[in-house]
Structure formats: structure tokens, C-alpha cells
Amino acid sequence: MPQWLKNAVFYEIYPQSFYDSNDDGIGDINGITQKLDYIKGLGFNALWLNPCYLSPFMDAGYDVEDYLTVAPRYGTNDDLYNLFKEAHKRNMHVILDLVPGHTSDQHRWFLESKLPERNKYSDYYVWSKSVWEKPQGYQWVSGMSDRDGCYMLNFFNSQPALNYGFNNITDASWQMSYTDERVKATFDEILDVMRFWLDHGCDGFRVDMADSLVKNDDEKTATASLWRRARAMLDKDYPEAMIVSEWCNAPRSINMAGFHCDFLLNHYQKMTYYGFRCIEDGQNKSYFSKTAHVSAHNMLNKYLDELRQIEGKGYISVISGNHDTERISYTLDNSELRLAYTMLLTLPGVPFFYYGDEIAMRYIPQKSKEGGFHRTGSRTPMQWDRTLPNLGFSNAESSKLYLQVDDRPDAPCALQQAQDDNSLLNLVRRLNELRQQYPDLQADGSMEILVCDDKSVLCYRRGNIAVAFNPKDESAILPIAMGEKLFETGNAVSQSDYTLLGAQTAVVFKLK
Ligand code: NOJ
């Protein structure tokens, strides 16, 4: 287990939209490097970069054309190696996005695979027997090449599924076993891609659709066996490298497949991500809402259940949101966000913040860009400074921007929030400081629910520290006496043998 995960807090960057260092209207790698001190200053010590490889960008880069080359619009491979170096100097880690389930239909492997003549790549993708056959249960594309067969999709039409074989074989005339030597080559390629970036200084990978590799694999045992190969490689040659999966089932991802972390997300295959709201009340009312008055039970059930099952073997990663979710500020207002972030940063596991969530950037519904569709509204440029053109994201003319910045006069900005002691940004910074100061609050510490009543007061214990919440718009009693107060948002008052929690309050304190 990489030691640095114990106190890691990640910051996810959508490279297109973070910082444009060369005035061409789109974010780039050097822009990220220039902003490392901002990220570090907030207390984040690890980065996840969304795909930054060569791509036709039909799905924002999740359609990879070349796994080993940085897309020119973001810079060069050397720029990325330099980012790794600069991050390490600051004691930070950087993970890349690994997309093993599919490539772009422009990838060299696919261009070869679709040729009618047999070649090295013919079996790299999943092809049906003939152009007339689209076996049920999966999506297929037909008639796009001279090869007599349909190719299976993993996501959009431009993302053919790489062939990792089948577990339950229902038609041996075109399905290969996942143990077949021919499909073993596909995963070997992915292991080589991992080695390439790790050898250049990268610290691990967020793995896209990690559970999607082997087909007809309902229990995911075959897919898990592939990842165990990857984990064995890491343990042997890169013991400080981490892998976090988009699997959304921590017991399977961590216990069966050997991932270090798994994201807690809902229903990802139907693309209805809820981000942090996924540990929300089952009726889709947020626990943090002033008016919902719902118990935290439903919200925490799945999380606690998974936590119990994986104990000690890995970590759950709860997110503020990501590039696929509506921004968290779409459903929670500023004071509700303060409570949500207090929880996010005091839970066991490895938390992930999506860029801009520290200032409550908004979800801005708009026309789709590069396969974003409804997700585009969460991918707008970072808002750095209210006094600068394009809010400091880029010096390009605003008509040339990759996506427009939030143009409302009250668009939240990082610099102005940094100068305001009560801002959300400073709350995030303080919570991160607290997490670094007290190992009890970090990834490994225990968690025990002390109070979870049906009137929405929640209090959990992390070692000798308690974290309590009252999301309601009126005060409530916490039947626990407060020791030294370490952090509060709202107002918590100590009484002789109980604590009075003001409306919309979260507090972190030492147990007496
Ligand atoms: C999940 C990624 O987060 C999403 O952005 C992408 O479109 C799909 N996987 C397909 O790769």
C-alpha cells in the first residue's frame, strides 16, 4: 500500500479548463504546473488529471488515439514530466487517467483491426462473426469498414471496446475466453502503458470504467483477475504507485481486483452520477439541506457497509463531484456546502475534490462540447480573479475560449475568496490543515457513529475526535459533551453534559 495515501487529499483537474498558460484559449499542462502552489496552498497534496493524450476529442479525451503522447493542445510529454517533477518537489503526487476499456476509432490498433486482412491487431477489439450479426446484450457498429463484422462499443460510437475476452462463453464462434493467449496481449499493452508513465514519474492512475473489461462477466471475477495482474506488477516494481477505480463497488474493486481505492458513485453505467450526493438520502433529498430534515442513516448506509467490508485492504474515495456530475453547488447552497465539505474531509478514505468546487463554481447548462452533453455545464474554466479578463483563466479573446467562463457579476473567484476569511475556500483550507494535523482524521482512522437520530443530528467519532452536524435551520441538541473545539462552521455551544448545535452547524472537537 503506497504510504502517501494515508494522508492524501486529491484535486481533480480537467486540463482543458484549468489555466491557459499560452493564451490560446484552452488550458494546458504548463498552466497546471504554474498553479501548483495554489493547489498546495489549499492543502491538496495529490492531483488527478483527466485524459491529456492525443485524441480526436469525441468524448473529451476518453477516446484515446495514442496512450503515450500528450495532446499538442495541452503541450508536450516533456511538459508533463516537468509537472511530475515540480509536484514531487512540493511533496505532491500526480495520477493520470487510464482508459483501458476502449480506444478511439482513430487509434492505430483499431485502424489495423478493421482491415479485412488478418494482422496483429485483428483480435485487439471485439468483432462479431459477420456484418449482419449484432449479438444481443451489447452495442455494435456495422458497415464502417471492409472487415466483415460489427465492432462492439464500450461507450460512444467512436469508442470500440478493446478485447479482453469473455467469461461466460455463449457462442464460441466469435467469443474468446479471457484466458486465451490472443486476448492476453491486449492487457499486456495496458500494462506497458502504465509502465511507460510510471517510469516517467507519474504516481498512479484513475482507471476509467475499470469493471468493464471482460464481457459476460456478471460477478466480475475475470475482470478482477486482470487487475490483480496489474496490482502484482505495481507491488513488485512500483510499490508507491496507486490505482483508483471507477468501479463503484469497493468490495469488488478492492478485495477482489486489488485496487487501492474505489470511487463511491451511483449508477455510473447509466451516467447518472451523484457525486457526494450519492451518500444522500434515498429519496434524493440531501442530508445537508436546511429544509429536508432527513436522517443521515440512508445517506451513510452504503458507505458504512462498504467500509466494513473492505476494512484495512484499501480506501473508499468520496468525491465533491467530478467532470461527469452536475456541480455540487447545483443542489447545495453555500452554507449547506460548508457542512458537506466538513464531512467529505473528515471521513475515512481518500477524498477527491473537483477543481472549482472549493469556491462553489456553478453548473452552467449549455450546448454540448466534445461529447460532454449535460456534463459540459460542469466543465467550464476555473475562475481565478474577478478583476482579470476571462476571470484570469486565459488572456485569449473571450470568443476564442474552449468554453465560456461564468459571466455573472457574482461568479465566485479564487483570489477574492482567498482574501475573505469566511469564504468556502478558506473553510476547505482549514479542514485540510486539520486533517493533516490529526492522523485520526486521515484515511486509516476508525469511524464509529455516536449519534444518528431521525431529526438529522449526526455525530461520528474518529479516534479521539468527534465530528457533529446539525443541517436544520433551527438549533438542536447533541447529547455529548464537547472537549476542545478544533473547527466549527455555524455555532456550537458547550453546555455541562451536552452540546447545543446552532442552525446549519458542523463542529469538530476532541472527546472529553
Ligand atoms: C467515464 C468517464 O468519467 C466519462 O467522462 C467518459 O465519458 C466515460 N467513462 C467513457 O470513457
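I count a residue as near a molecule or strand if one of its heavy atoms lies within 4 Å of it. By that criterion I found 13 residues around the ligand, the closest being Asp 59, Asp 208, His 323, Asp 324 and Arg 375.

I note that the model is predicted: local features need pLDDT of at least 70, side-chain atom pairs count only at pLDDT 80 or more, and totals for chains, interfaces and linings use all residues. Numbering starts from 1 along each chain as its sequence is written, and side-chain values use heavy atoms, with hydrogens and water left out.

**Ligand**

I looked up polar contacts (pairs of N or O atoms within 3.5 Å). The side chain of Asp 59 places an N or O atom 2.7 Å from a ligand oxygen, and a polar side-chain atom of Arg 206 is 3.0 Å from an oxygen atom of the ligand. For Asp 208, I recorded 2.8 Å between a side-chain N or O atom and a ligand nitrogen.

**Sheet**

I then traced an open, antiparallel sheet of five strands, ordered β13-β14-β15-β20-β17. Strands here are DSSP runs of E with at least two residues, helices are runs of H or I with at least four, and two strands pair if DSSP finds at least two bridges between them. The edge strands, β13 (448–452) and β17 (482–489), each pair on one side only. I found four bridges between β13 and β14 (residues 458–462); Glu 448 has Arg 461 of β14 as its bridge partner.

Methods: Polar contact = N/O pair within 3.5 Å; in protein donor to acceptor, adjacent residues only side chain to side chain.
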